[in-house]
Amino acid sequence: MKGITIMKNTFLKLTATAFLISAIMINCKKTKSYLPDAAADDQIELLVAKTDRFIDHAEITFEDGILSMENEGISPDFTVTAADFDKQPNEPTAFAPDKEGSFMDCLRKLELKDDQRIRIKKALERYDDCKASAVKRTREAYNKLKAEHEKKLNRLKRSYLNGYLTKRQYENAVEKEKLNFKEATEKLMEKEKKALKECYNKFLRELRAILTEKQWQLFYECQR
């Protein structure tokens with residue numbers, strides 16, 4: 001009888017231990033699924049770094065005395081807003097010039113569930129709040145910089161119209177001044193880039209936690 005009791009107690013202890021190990025393993029799996037792995041971290045860093053390339057290809061124009069740079073030299077990934085998420089592709093303002101090429105284009109292509117859309121909208125609103133000050137400061141500084149270079153270009157234009165410069169001299173001088181403007185804008189962006197990137201990085205990590213693995217990979221490949 002005593003032997004049976006010992007066996008019974010041993011069996012109960014083993015069973016309890018098995019349940020405990022099983023619970024720990026399940027909990028670890030659940031935790032792991034919500035943590036971004038090293039590959040996802042690398043992907044997020046690459047998407048954040050991609051914002052640097054925008055200004056390299058941003059178009060600069062000087063027409064009718066007005067100097068301008070595409071999207072004020074700011075990557076569209078920094079200027080999209082939570083309100084853009086609700087717009088449909090066929091809306092006239094859905095793909096406004098200052099939003100083209102942003103991550104929003106890729107986000108709209110995903111088949112999202114209602115609860116995902118709600119969570120993403122909240123994440124976008126937090127992203128808006130995070131970057132608002134940096135975007136505002138960048139635009140204010142950009143407008144001052146633009147006004148300075150615009151004056152120089154208009155002086156060149158008057159010199160050309162008054163016959164002090166040949167057409168070739170004028171065109172070369174304009175291209176040189178546009179290059180100076182671009183370099184000055186790049187330096188300006190360096191001042192706020194860190195804050196903007198940190199906000200974007202934080203948003204992408206939130207998005208990664210909301211999307212399924214398949215959705216994230218589709219988003220990443222679309223963005224890359």
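This is a predicted model: local features need pLDDT of at least 70, side-chain atom pairs count only at pLDDT 80 or more; totals for chains, interfaces and linings use all residues.
**Whole chain**

Start with a cartoon of everything. The chain has nine helices and two strands. Now colour by burial. Of the 224 residues, 36% are buried. Take the contacts between residues at least 6 apart in sequence: 73% of them join residues at least 24 apart.

**Stop 1: helix α9**

Select residues 213-223, which form helix α9. Which residues of α9 are buried? They are Gln 215, Trp 216, Phe 219, Tyr 220 and Gln 223. Turn the view to look down the helix axis. The buried residues fall within an arc of 130°, so they line one face of α9.

Next, show what covers that face. The cover includes α2 (38-49), α4 (76-79) and α6 (103-108). It also includes α7 (114-161) and α8 (167-210). Keep these helices displayed, as several return below.

**Stop 2: the disulfides**

Select the sulfur atoms of the bonded cysteines. A disulfide is a covalent bond between the sulfur atoms of two cysteines. How many disulfides does the structure hold? There are two. Counting bonded cysteines along the chain, the pattern is 1-4, 2-3.

Begin with Cys 106 and Cys 222, which are joined with an S to S distance of 2.0 Å. Cys 106 sits in helix α6 and Cys 222 in helix α9, so this pair ties together parts that are 116 residues apart in sequence. The torsion about the S-S bond of Cys 106 and Cys 222 is about -80°, so this disulfide is left-handed. Check the burial of each end. Cys 106 is buried, at 5% relative accessibility. Cys 222 is partly exposed, at 32%.

Move to Cys 130 and Cys 199, also joined by a disulfide, S to S 2.0 Å. Cys 130 belongs to helix α7 and Cys 199 to helix α8, so the pair ties together parts that are 69 residues apart in sequence. The torsion about the S-S bond of Cys 130 and Cys 199 is about -80°, so this disulfide is left-handed. Cys 130 is partly exposed, with 38% relative accessibility. Cys 199 is buried, at 5%.

**Stop 3: Thr 51**

Select Thr 51, in the loop between α2 and α3 (54-57). Is Thr 51 buried or exposed? Its relative accessible area is 7%, and buried means under 20%, so Thr 51 is buried.

Draw a distance from its side chain to the backbone of Val 48. A polar atom of the Thr 51 side chain lies 2.6 Å from the backbone oxygen of Val 48. Now show the neighbours, leaving aside residues up to four places away in sequence. Thr 51 touches Ser 75, Asp 77, Phe 78, Lys 197 and Tyr 200.

**Stop 4**

**Stop 5: Arg 205**

Select Arg 205, in helix α8. Arg 205 is partly exposed, at 32% relative accessibility. The side chains of Arg 205 and Asp 41 are joined by a polar contact of 2.8 Å. Arg 205 and Ile 44 are 161 residues apart in sequence, yet their C-alpha atoms are 7.4 Å apart.

**Stop 6: Ile 66**

Finish at strand β2 (residues 66-69), and select Ile 66. Ile 66 is partly exposed, at 46% relative accessibility.

How values were computed: Residues are numbered from 1 along each chain as its sequence is written. Side-chain values use heavy atoms; hydrogens and water are left out. Buried means under 20% relative accessible area, exposed over 50%, partly exposed in between (1.4 Å probe, protein chains only). Helices (H or I, at least four residues) and strands (E, at least two) are DSSP runs, numbered from the N terminus. The arc is that of the directions from the helix axis to the C-beta atoms. Contact means heavy atoms within 4.5 Å. A polar contact is a pair of N or O atoms within 3.5 Å; within protein, one must be able to donate a hydrogen and the other to accept it, and residues adjacent in sequence count only if both atoms are side-chain atoms. A disulfide is a pair of cysteine sulfur atoms within 2.5 Å.
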